[in-house]
Structure formats: C-alpha cells, structure tokens
Amino acid sequence: MKDSTIVVILAAGLGTRFKSKLPKVLHSAGGRTLIDHVVRAVKPLASRATFAVIGYQAAQVEQALRSAGHGPGHEEVRLILQKQQLGTGHALAAGERQLRRATSSNKGTIMVVCGDTPLLTTATLRNLLAHHRRKRAIATVLTADMADPAAYGRILRSADGSLLAIVEWKSATSEQKKIREINTGIYCFETRELFPALKRVRKNPVSGEYYLTDVIELLAKAGHRLAACRAEDPDEVAGINDRAELARVDTLLRLRKARELMIAGVTIHSPETVRIDPDVTVGPDSTIEAGVYLNGRTKIGPECVIGAYSIITDSQLAARVTIKTSCVITESQVDDGASVGPFAHVRPGSQIGAGARIGDFVEIKKSRIGRLSRANHLAYIGDATVGEDVNIGAGTITVNYDGVNKHQTIIEDGAFIGSGSELIAPVRIGRGAFVAAGSTIHDHVPANALAIARARQSVKPGWMVERIRKLKKTPKSHS
C-alpha cells in the first residue's frame, strides 16, 4: 500500500563551486550520479509519488533519470521544472499545482530531500518521517551534530528540546555559532500549512532567493508545532559543494561497499584502495587485492582471486577464477578455474573457457578460448574461435583486419600453434594440427597436419668482415 507521503528531490541548481557545465547532481560518486543515489534512498519509502525539481540543464538531468530507470515512463520520478533557480522555497512553489494534486487536496506529508546527498540512507528518512508523525508536527527538520559546523544554519531549541528556529550562519551571534547542531536542508511538511506559508516568504535582499528556512520561521511565529530529528551519522547528510567534497564522499561510498562485501565473506586487502561499484557482486571466499577496480555490473563467483591493480568492467567471472596483477577485463566472461594475467587485456565480447590459461601480455579481443587452452605469453588473439586444449605459442598473432573488414580465425581442438606464428584470417587450423614456429599461415590447415610456412634461410660466411672493410674505406659525410 502506498504511503500518503510525497517526496520532492531538489535538483535544479548548477553547483557554482564545481566550476562545471555539468549539473551538480549529475556528477558521480561511488559509481552512481548523486541524484541516482538519492532516488534509490527514497524509493523503499513507497511514497505516493516522488518528484524531482529540475532547472539548470533540465533536459540533461531528465535524460540521466531516464537512463537510470527513474524517469518519466517508469512511473518512478515525476518532474517539476523550475525555470529560474531562485532558491529552495521557490523550487517548491514552482511545483505547487502538481504537488497539491498528488497529495489529494492538501492531505499528507511532503518530504523535501536534497539531490546532492548521496550518503543518505532509507533508514534515516524513515526515522525522520516516523519522528514527524510521532510529534504530530506541521514541520520537522532533519538535523545533525557536526564536529565543524562551518557555514551551516544552526538549530535553536527550547528548554524542552523542541525546535524554535533555524538561524543562518551569517545572521548568527557569536554564541549561536558555537552550536554544533545544523540544518541539513531535509524536511517534512504538512501540505495544508506549507503552501500558505510559502506564499508569505519574502525574497532575500542579499541573494534575491526564497528559502525554505523562512517557512520554518513563519510556521513558528504562527504557533504551529515544529520538530527536529537528529541524524545518527552526520556524514549521511553532508551536501557536496565542490570537487574536494565529492572526492571525500566517493571514498566513503567505496568503503561502505567494501565493508558490505567483507561482511558477506569476501577478503579485501587494503579496502581503502579498491573501487567497487554498487551493483558489483562477489562470491564468498574470494580475495580482492589492493588497487582493484570492479566496475558496472561485474559479477564474481566464489573462491576467486583478483590480483592487485586489475580493472574489471561489466564482466562475469565464475568460481575459482584467478586474475593476476594488472589485468584489464571488459564486457567478457571467464569460466570456472581459468587463469588470466598478469598484464593481460581481455576486450569486449570475449569468453575464456574453464581451466584455460591466458598469460602475461596476451590480448584477447572478441574471441572464444576453449576449455583448457593456453596462451601463456605475448600473443594477440582477435576475432577468433579457439577450441579445447589448444596451445598458442608466444608471439602468435591472428591477423584479423585487412584495412576494411575483420575476419575470423578458427583453431580447432588440440591444435598446436608454434611461437612467432601469424595466422592470416580468414583461416582454419584443423583438429590436432601443428603449426611450426615462425610460420605465416594464410591457407587452411587440415586436421592432424604439419604446416610450415617460412622463408628459406640463407647464410653467407664472412659477410660481416667484408662489410666492415668496405665501411672503413667509405669517406664519412660531414653534412
């Protein structure tokens, strides 16, 4: 059953201190955009409706919400356009008609959330809403105790602990500035009193904007019951105003994900150095070494080892896979018990079969490597299908590109490709065939055949002695 609460995410601002053309809420931390984190935090509330107030680069923000599965057509986030960005109070006023309609004739609660608070959790929002209802308040402010409150607005409470007012830092007295409890900019309002109060808010003479904090003051003067609810973790409600703060929050989100995996049975060496995106899954008894990046929707099975400084993106690794130091694997699949690396590159569209070994400085591109096959070092395998139990020697190249089109190489089960061979596609190496080292193969090789394709070696005894004698007689050029 849907709750009577309406959620409004404020996401219209530019973020001046970011010094970026990109809207602040579309910058990323912890593998998602800031607004994506917030939408995911409010979704489990099962509210009647969720709105996002957009303004600066509105089309870009709308497209990002669509791409993340939150936008119009998904019935998850409705949009309010704030044509001029004139403050938080103005943002809610811009959506008055839509919000009144959504709250069924002024009944229900409007929760206001900032679009730049990616650490915010559903649990904190549920606690805020429960506190608001328990206190039967007209407005409730989410607050936090900050070690360094800096320029945040301060919370003023009465002797019994109820909310009196929010005083902005610029207007605070020296004593008020010592208060560590701050306004997070996250609120619950009862709809029936919110919009009348918004109509009485006056433009700030300095900034020219309309602020929601003034609504709190107006409601207090009118004698309405107000409440304040403390967040347990002040990091959750920290907004992001510049790229230094963005980097700090990214670190906290990465550590949160690493902790989640470690609790689930994954060993992580130096968790402060790894970067694991939120949709990544890792099976128990796997080990992730220092400096590893696991990106996108990567899935790693149980008992795997991911070597230091490897980068794995949108790939699937089965059980007992070993990825050695400094490998790059993208949009590919590695089957049970296979080994890759060190310093290997597995490019999109590749599959490494069960028990296969891909060694150092081997590049695999859009190819299937069969079960128990081996390319132990210094090879390029592109647009190829390699069967089971194939040996590919060092320096082997599948020559797949003719300057216009890509062509396929097929190496059947049990074949042996000697070191330094070039297989000029399209070409097929038959089952159990043997390609001698240093061969350039451009015709199909039948099953169980030996293929040798080398230029005849010519040896001229004493050639270097004669060459040196001639060089000594030749006058040196001074040009």
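**Entry 1**

I looked up aspartate 279 and found a salt bridge with arginine 32, the closest N and O atoms being 2.9 Å apart. A salt bridge here is a side-chain nitrogen of Lys or Arg within 4 Å of a carboxyl oxygen of Asp or Glu. Side chains of opposite charge can pair when their charged atoms come close.

I noted that this is a predicted model, where local features need pLDDT of at least 70, side-chain atom pairs count only at pLDDT 80 or more, and totals for chains, interfaces and linings use all residues. Residues are numbered from 1 along each chain as its sequence is written, and side-chain values use heavy atoms, leaving out hydrogens and water.

Where do aspartate 279 and arginine 32 sit in the chain? Aspartate 279 is in the loop between strand E13 (275–276) and strand E14 (281–282), and arginine 32 is in strand E3 (residues 32–33). They are 247 residues apart. Helices (H or I, at least four residues) and strands (E, at least two) are DSSP runs, numbered from the N terminus.

Is arginine 32 buried or exposed? Arginine 32 is buried, at 14% relative accessible area. Aspartate 279 is partly exposed, at 26%. Buried means under 20%, exposed over 50%, and partly exposed in between (1.4 Å probe, protein chains only).

**Entry 2: more pairs**

I checked aspartate 250 next. It forms a salt bridge with arginine 275, with the closest N and O atoms 2.8 Å apart. Aspartate 250 belongs to helix H8 (residues 243–263) and arginine 275 to strand E13, 25 residues apart. Aspartate 250 is buried at 10%, while arginine 275 is partly exposed at 26%.

Then I found glutamate 412 and arginine 428 in a salt bridge of 2.7 Å, N to O. Glutamate 412 lies in the loop between strand E33 (409–411) and strand E34 (416–417), and arginine 428 in strand E36 (residues 427–429), so the pair ties together parts 16 residues apart in sequence.

How many salt bridges did a search of the whole structure find? It found 26. I also wrote down a network of salt bridges linking Asp145, Arg157, Glu181 and Arg230.

**Entry 3: two helices**

I turned to helix H6 (residues 191–200) and helix H7 (residues 212–221). Their axes come within 9 Å and cross at roughly 105°. Axes are lines fitted to C-alpha atoms, for helices over the stretch in contact, and angles run from 0 to 180 degrees between N-to-C directions. H6 and H7 are therefore roughly perpendicular (65 to 115 degrees).

Technical notes
Parallel < 35°, antiparallel > 145°, perpendicular 65-115°, else oblique.
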